[in-house]
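Subject: Structure handover

Hi,

Here is the structure I promised to pass on.

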Amino acid sequence: MSERSLSTFCRDQYADWAGLAQRLGFSEFVSAEDGFRHCLLTGNKWTNADTSGIYFWVLDNGHGYIGQALQCRRRLLNHWKLYPNLSFAGFQPVPANNLDEVEERLIKEMCASDFPHINIKHALNTTAKVPFDNIVSEKEREHFLGGGTLPN
C-alpha cells in the first residue's frame, strides 16, 4: 500500500507521519475513531490487537509517540484516555523478548527524522515538557541538549 493511500485515512496533514511510520516498518494502522478495532487499510478486524509489539501514534497537533506493549490495543486505549486527541496509530508485531531493543531503535530513527514527538525514553530530543524544563532557561536547555554542560 502506498504512503498516499494511507494518508487518505489519516487525513492529509498526517501524510508525512504516515510515510515515516511505513518506512519504520509499521504495517497495521488503526484509528481512535472506532476504538482501535479495525485496520484502516483493509477494514478487517485488527487481529494483532492483543499481540506484543511496538506501536506508533500521532496526536491531532502533529506530535507523535513510539512505545511498546504486550497487548497493544489495551495500551492504546490507555493512551487515548490521557490524550483524547490521539488520531491514528500504527503497529508492528515484535516478540516480547525483543521489545526493548526494537523500541529503542525505532525511537532513535524517529528522532533522526526531526518529526515532533513526545518520547522521552531513548529520545535525543523531544517536544514533551519535562521537570528539567522548569528549572532551566530555554537557552540553557538548548545548550544542554546540544551536548553542553550546565552551570551549578
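This is a predicted model: local features need pLDDT of at least 70, side-chain atom pairs count only at pLDDT 80 or more; totals for chains, interfaces and linings use all residues.

**What turned up**

K108 is partly exposed, its relative accessible area being 40%.

The search of the whole structure gave two salt bridges. In one of them K108 pairs with E104, and the closest N and O atoms are 2.8 Å apart. E104 is partly exposed as well, at 29% relative accessibility. Both residues belong to helix α4 (residues 99–112), where they sit four residues apart, so about one helical turn separates them.

The other bridge joins the side chains of R105 and E109, at 3.0 Å from N to O. These two are also four residues apart in helix α4, which means about one helical turn again. R105 has a relative accessible area of 42%, so it counts as partly exposed, and E109 falls into that class at 33%. The general point behind the spacing is that an α-helix has 3.6 residues a turn, so residues three or four places apart point the same way.

**The overall picture**

Stepping back, the protein chain has five helices and four strands. Going along the sequence, they come in the order α-α-β-β-β-α-β-α-α. Of the 152 residues in the protein chain, 45% are buried.

On confidence, the mean pLDDT for the protein chain is 79, and 72% of the residues reach at least 70. The lowest confidence is in helix α1 (residues 3–9), with a mean of 50, while α3 has the highest, at 92. Please keep that in mind when you look at α1.

**Helix α2**

How many of the nine residues of α2 are buried? The count is seven, so this helix (residues 15–23) is mostly covered, given that buried means under 20% relative accessible area. The buried ones are A15, W17, A18, G19, L20, A21 and Q22. After α2 comes G25, which has a positive phi, near 100°.

**Aromatic pairs**

There are eight aromatic pairs in the whole structure. One of them is F36 with W80: the ring centres are 5.6 Å apart and the planes lie at 75°, so the pair is edge-to-face. This pair links distant parts of the chain, with F36 in the loop between β1 (28–31) and β2 (53–59) and W80 in helix α3 (residues 72–82), 44 residues apart. Is F36 buried or exposed? F36 is buried, at a relative accessible area of 0%, whereas W80 is partly exposed at 28% relative accessibility.

Elsewhere, ring pairs join Y55, W57, Y65 and Y83 into a cluster.

**The largest pocket**

F36 turns up again here, as one of the residues lining the largest pocket. Sorted by class, the lining has four nonpolar, two polar and five charged residues. The space in this pocket comes to about 150 Å³.

**Contacts across the sequence**

Two C-alpha pairs may be of use to you when you trace the fold. P95, in the loop between β4 (86–93) and α4, has its C-alpha 8.6 Å from that of T51, although the two are 44 residues apart along the chain. P95 is partly exposed, with a relative accessible area of 48%.

The other pair is G53 and N98, which are 45 residues apart in sequence and 8.8 Å apart in space, C-alpha to C-alpha. G53 lies in strand β2 and is buried, its relative accessible area being 0%.

That's what I have. Over to you!

Cheers

Key
Residues are numbered from 1 along each chain as its sequence is written. Side-chain values use heavy atoms; hydrogens and water are left out. Buried means under 20% relative accessible area, exposed over 50%, partly exposed in between (1.4 Å probe, protein chains only). A salt bridge is a side-chain nitrogen of Lys or Arg within 4 Å of a carboxyl oxygen of Asp or Glu. On a 1 Å grid over the protein atoms alone, a cavity is a set of points where a 1.4 Å probe fits but cannot get out, and a pocket is an open set with protein on both sides within 12 Å along at least five of seven lines; lining residues have an atom within 4 Å of a point. Grid points are joined across faces, edges and corners, and a volume is the space filled by probe spheres set on the points. Ala, Val, Leu, Ile, Met, Phe, Trp, Tyr, Cys and Pro count as nonpolar, Asp, Glu, Lys and Arg as charged, and the others, Gly among them, as polar. Rings of Phe, Tyr and Trp (its six-membered ring) pair if their centres lie within 6.5 Å; planes under 30 degrees apart count as stacked, over 60 as edge-to-face and the rest as tilted. pLDDT is the predictor's confidence in each residue, from 0 to 100.
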